[in-house]
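Reader: Could you take me through this model and tell me what stands behind each label? I like to see the criterion next to the value.

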Amino acid sequence: MNLDRVIAVRNNKTIFRDGDRCIKVFNPGHSKSEIFSEALNQARMEELGINVPKLLEVTTIDGKWGIVSEYVKGKTLAMLMEERPQDVCGHLELLAELQKGLHKRECVVLGDLKERMKRDILSSELESDTKLRILSDLDGVTSEMSVCHCDLEPSNVIISKSGTPYLIDWACSAAGDRHIDVAYTYLLLHLKRNEREADLFLDISCQGSGSLKEAILKMVPVVAASALCRGNERERMFFSKWLEPRH
């Protein structure tokens with residue numbers, strides 16, 4: 001196994017290319033259950049017919065866990081957005097289209113998104129009245145079991161040489177209400193891109209529907225509260241600013 005060619009470095013993991021294989025190596029501290037859960041989620045998406053890199057194996061490399069998938073030759077949507085900023089609207093339309101395609105599918109064997117978020121919020125250090133308000137909004141979401149990526153942003157979409165989009169990084173995926181998933185992407189665009197692109201994505205996703213936009217914005221504090229238990233210090237500081245109701 002050749003780990004000489006690094007193709008990406010992200011929080012707590014490094015991605016290598018070894019010929020026609022992509023190897024994601026996790027830093028120490030990731031539990032065995034986390035690694036197998038992500039691999040299982042990816043395998044389930046593959047079985048649903050969603051364009052994901054084919055899962056090949058889960059392994060250990062120098063005492064670190066690794067997930068091995070097929071290598072998809074191409075560029076991430078984030079790279080294309082940097083190269084062609086004039087096409088940002090079309091890129092965000094593609095992101096919204098891919099997300100809507102996920103939401104048309106159900107996968108009841110994925111973890112329950114609503115229950116996971118409830119656990120995250122209850123275990124947080126938020127004040128009691130803030131927890132109660134946010135949990136009340138979470139309790140009001142539908143019981144649908146749509147496929148939710150929960151980390152869908154431009155760097156997690158690879159456009160192959162043939163133009164086929166592939167979705168990667170399924171560690172956070174779960175089954176739940178689609179409004180929550182859109183709220184995740186909206187916040188991630190704010191965090192990793194900029195306010196203009198986040199707002200444009202939201203408008204594209206809602207297609208002029210005020211009620212849909214209202215439902216998504218209502219989930220923003222819920223997503224932010226749930227996300228406080230994950231990520232680095234910068235990310236936690238970012239999410240802490242989104243706990244108040246949005247309009």
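Reader: Happy to start with the sheet: what is the order of its strands, and how do they pair?

Author: The order is 1-2-3-5-4 in an open sheet of 5 strands, with antiparallel pairing. The model is predicted, so local features need pLDDT of at least 70 and side-chain atom pairs count only at pLDDT 80 or more, while totals for chains, interfaces and linings use all residues. Residues are numbered from 1 along each chain as its sequence is written, and side-chain values use heavy atoms, with hydrogens and water left out.

Reader: Why do strand 1 and strand 4 stand at the edges?

Author: Strand 1 (5-10) and strand 4 (55-61) each have a single partner strand, so one side of each lacks a neighbour in the sheet. Strands here are DSSP runs of E with at least two residues, numbered from the N terminus.

Reader: What makes strand 1 and strand 2 a pair?

Author: Two strands pair if DSSP finds at least two bridges between them. Strand 1 and strand 2 (residues 13-18) are joined by 5 bridges and run antiparallel, so they meet that definition. R10 stands opposite K13 in strand 2.

Reader: Why is A78 called buried?

Author: Buried means under 20% relative accessible area, exposed over 50%, and partly exposed in between, with a 1.4 Å probe and protein chains only. A78 has 14% relative accessibility, so it counts as buried.

Reader: Which residues is A78 in contact with, leaving aside neighbours within four places in sequence?

Author: Those are P154, S155 and R193, where contact means heavy atoms within 4.5 Å.

Methods: Helix = DSSP H or I, 4+ residues; strand = E, 2+ residues; numbered from the N terminus.
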